[in-house]
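Morning, everyone. Please take a look at the structure on the screen, and then we'll go through some side chains.

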Amino acid sequence: MKKTVLILLLVVFVFSSTSCYPGANNPEEIELMFNSFSHLDDYVLLTHFQLVVKGEYYNRSEIKYNEKETNIIFLDENGFYSYTFSKSDLFVEFLYTTYDDFVVTKLGEATLPAKIINSYYGDDCFWFRIDDPSTDEFKQIHYRWNTLDKTGSIVENVDDNYEYSPNNNRTNDYTFNYQSKIFDKVLEIVDNDTGIKKTIDKSILKSFEEGRKISESNSSTIFSPEQIYVIDDDIYFVLGFGVGVLSEPHYYYIVKWNFNTEECTFITSTCFDYFQEWVDDMIIINQ
């Protein structure tokens, strides 16, 4: 009986927490709200399912090389780095694709020592975490392929902050750490030169007009600053906003926060028909 009551209370809490603002879950009202904000197209956004280039949407599943599925892992201002992988023979092709006309350049190829567990990018290199094939015991290593000298090598240990870098290892000026709260995340930012630490949490939305409107609307997703892009002292990051229990539609919006002044500015937003799960990368271009 107690278990049943707890379940009912949980159900009531979930539905009350997603409808505590009158009309806030109305897709038309949320659409009107985001459409009333500024919309700059000088960005590229890579979600789990789609690539958005200056407002143009591409399904990642349709971005192929010689009919093979590609895995995009890093964005720059002119194009993106990706790779193909054959599980049968562990063969990898390293690719660079321009945003204009999606022209593909094959950078090189390699045969990995083991299957890919995780992939990422940093310091002009493709990185793959794999099982160490030299031992039957549990041990993982990293295979690194350099895009400049076209060579591969094994790295025994890689720091988690490098592998899971929130800004894909683009800058050493700041260190970023996440602290999880019950329903939201807090982003800690440390200036590596001065050691000064500052934090970004949900209260930051109250500091600018668009953020106040967003915070007064009820989202089915938590406040969670995702991929980060740094230009001097300006720190750009992505936030999600889901509509309804299933987060359909699902919005991502980009804000700019200055480390020195702590001023926050709304940059742009984009809408998806369905929940995108997470953001893999984001950059600001034409700056």
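Is His 142 buried or exposed? His 142 is buried, because its relative accessible area is 4% and the cut-off for buried is under 20%. Keep in mind that this is a predicted model. His 142 sits in strand E12, residues 140-146. Its side chain makes a polar contact of 2.8 Å with the side chain of Tyr 120.

Now, salt bridges. The whole structure has 10 of them. Take Arg 60 and Asp 280, with N to O at 2.7 Å. That pair links distant parts of the chain, 220 residues apart. Arg 60 is in the loop between strands E3 and E4, and Asp 280 is in strand E21. Arg 60 is buried at 15%, while Asp 280 is partly exposed at 25%.

Next, Asp 281 and Arg 170, at 2.8 Å. Asp 281 lies in strand E21 and Arg 170 in the loop between H3 and E14, so this bridge ties together parts 111 residues apart in sequence. Asp 281 is buried, with a relative accessible area of 0%. Arg 170 is partly exposed at 25%. There is also a network: salt bridges with shared partners join Lys 68, Glu 93, Lys 106 and Glu 109.

Asp 173, Asp 193, Asp 232 and Asp 233 form a negative patch. Asp 233 is in the loop between strands E17 and E18, and is partly exposed at 32%. A nonpolar patch is formed by Ile 182, Phe 183 and Ile 222, together about 340 Å² of accessible area. Ile 182 is in the loop between strands E14 and E15, and counts as exposed at 76%.

Definitions and conventions:
Residues are numbered from 1 along each chain as its sequence is written. This is a predicted model: local features need pLDDT of at least 70, side-chain atom pairs count only at pLDDT 80 or more; totals for chains, interfaces and linings use all residues. Side-chain values use heavy atoms; hydrogens and water are left out. Patches are made of residues with over 30% relative accessible area and no salt bridge: like charges are joined within 9 Å, nonpolar side chains (Val, Leu, Ile, Met, Phe, Trp, Tyr) within 5 Å. Accessible areas come from the Shrake-Rupley method with a 1.4 Å probe; for residues, only the protein chains shown count as cover. A salt bridge is a side-chain nitrogen of Lys or Arg within 4 Å of a carboxyl oxygen of Asp or Glu. Lys and Arg count as positive and Asp and Glu as negative; His and the chain ends are not counted. The place of a charge is taken as NZ of Lys, CZ of Arg, CG of Asp or CD of Glu. Helices (H or I, at least four residues) and strands (E, at least two) are DSSP runs, numbered from the N terminus. Buried means under 20% relative accessible area, exposed over 50%, partly exposed in between (1.4 Å probe, protein chains only). A polar contact is a pair of N or O atoms within 3.5 Å; within protein, one must be able to donate a hydrogen and the other to accept it, and residues adjacent in sequence count only if both atoms are side-chain atoms.
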